[in-house]
2 protein chains.
Amino acid sequence: MIDRNKNTGFSDDRAADLHEAMELLFFSYRAFTAGPDRILEKRGLNRVHHRILYFVARQPGLSVNDLLSVLDVSKQALHIPLRQLVGMKLVQNDKSKLDGRVRELRLTAAGRRLESRLTGTQQLQLESVFADAGSEAEQGWRKTMQLLAQD
Amino acid sequence: MIDRNKNTGFSDDRAADLHEAMELLFFSYRAFTAGPDRILEKRGLNRVHHRILYFVARQPGLSVNDLLSVLDVSKQALHIPLRQLVGMKLVQNDKSKLDGRVRELRLTAAGRRLESRLTGTQQLQLESVFADAGSEAEQGWRKTMQLLAQD
DNA sequence: GTCAATATGTCAACAATATTGACCTAAATG
DNA sequence: CATTTAGGTCAATATTGTTGACATATTGAC
């Protein structure tokens, strides 16, 4: 008789596999954010600043509302770090010509340099992992993460 | 001539793939923590409480020092949430018989119920993702995450 | 047995962050 | 012109984290 968890109905073996998967997510995410966190700390910045820099870099001209949506934070929680980035001249905040209410966020040259350094750290880390894992494992990883992300 | 990033040397195409991977990690982790976070919030608990419950559940009798090590937080940052869990009778904190300085942390029956509910949410989520992705993708995912986690 | 080291618990001061709710301007839209 | 939308800001409050100090009990080295 296989023991099964009362809540989930998984066998003990499968439950252990899933525990391992949970831990992989926890430790991987921590390893993934550690590098940029160290760089940011020296400038008095944190992970929220990184996320702003990242998404603005990917989509120059992004509106404040769109940024709020991807980051899933409140306007007030976004505003202080955003204002700091603008104050440090890493991000510029221009009025849109199409709709004067909307602001278009862009990185300055200095912002691009910092973002590129932060993101570069993570890209090199991931590339090294993918190289070791092999492209088949990479594809399986991507497929799995796609499903988890859209959950 | 392929454009290459100044910092990393990646081609634009590969850089875009790596950007996608970064976003997968960000959005996946968020999706993965959302379920438990909602359950915890109702009890005035947060992710740190969940991590304590999780690791104590996996390793009953865990010492405070060992818990500090896995979680990688300061003693002071751990203590308030831990004391709350003990106060709520979800965790018990007994003196070790082998070494009277060491405390052995264990979940109470109520602690096990809560932990099982939180962890069950994530197990079901992962199992559903793995089922959709297929076992080959799951294996690739695990291999990749192992490498990233030990980074 | 004395003394240093270890494991834990706690406090206080402080800084950083998040949350809620309110209020304001400017611009677009019907 | 009235309403809605995008954005910006403030204040009050709560939560969280950080640093440093200090206390106790217990072990282990000598």
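A residue is called buried here if 20 or more other C-beta atoms lie within 10 Å of its own, exposed if 12 or fewer, and partly exposed in between, with C-beta atoms placed from the backbone. By that rule, helix α6 of chain A holds the buried residues A:Ala137, A:Glu138, A:Gly140, A:Trp141, A:Arg142, A:Thr144, A:Met145, A:Leu147 and A:Leu148. Helices (H or I, at least four residues) and strands (E, at least two) are DSSP runs, numbered from the N terminus.

This is a predicted model, in which local features need pLDDT of at least 70 and side-chain atom pairs count only at pLDDT 80 or more, while totals for chains, interfaces and linings use all residues. Residues are numbered from 1 along each chain as its sequence is written, and chains are lettered from A and ligands numbered from 1 in the order in which they are written.

**Helix α6 and the chain pair**

Helix α6(A) covers residues 135–149, 15 residues in all, and spans 20 Å from its first C-alpha to its last. That is close to the 21 Å expected at 1.5 Å a residue, where the expected span is 1.5 Å times one less than the number of residues. The buried residues of α6(A) pack against α5 (109–133) of chain A and against α1, α5 and α6 of chain B.

Between the chains, 43 residues of chain B are in contact with 43 residues of chain A; contact means that the C-beta atoms of two residues, placed from the backbone, lie within 7 Å. On the chain B side, α1 (12–42), α5 (109–133) and α6 (135–149) each give two or more residues. The largest share, 14 residues, comes from α6(B). By class, the chain B side has 21 nonpolar, 13 polar and nine charged residues. Ala, Val, Leu, Ile, Met, Phe, Trp, Tyr, Cys and Pro count as nonpolar, Asp, Glu, Lys and Arg as charged, and the others, Gly among them, as polar.

The same surface serves both copies, since 100% of the contact residues of chain B recur in chain A.

**The DNA strands**

A residue is near a strand if its C-beta atom, placed from the backbone, lies within 6 Å of it.

| DNA strand | Residues around it | Nearest residues |
|---|---|---|
| DNA strand C | 19 residues | A:Gln76, A:Gly100, B:Ser63, B:Asn65 and B:Arg101 |
| DNA strand D | 19 residues | A:Ser63, A:Asn65, A:Arg101, B:Gln76 and B:Gly100 |

Near DNA strand C, α4 of chain A together with α3 (64–71) and α4 of chain B each supply at least two residues, and α4(B) gives the most, four residues. That surface has four nonpolar, nine polar and six charged residues. For the surface near DNA strand D, the largest share is the four residues from α4(A), and the classes are four nonpolar, nine polar and six charged.

**Two loop residues**

A:Asp72 lies in the loop between α3 and α4 of chain A, and its phi is near 60°, a positive value in a residue other than glycine. A:Asp72 counts as exposed because it has 10 C-beta neighbours inside 10 Å. A:Lys89, in the loop between α4 and β1 (91–95) of chain A, also is not a glycine and has a positive phi of about 55°. A:Lys89 counts as exposed, with 11 C-beta neighbours inside 10 Å.
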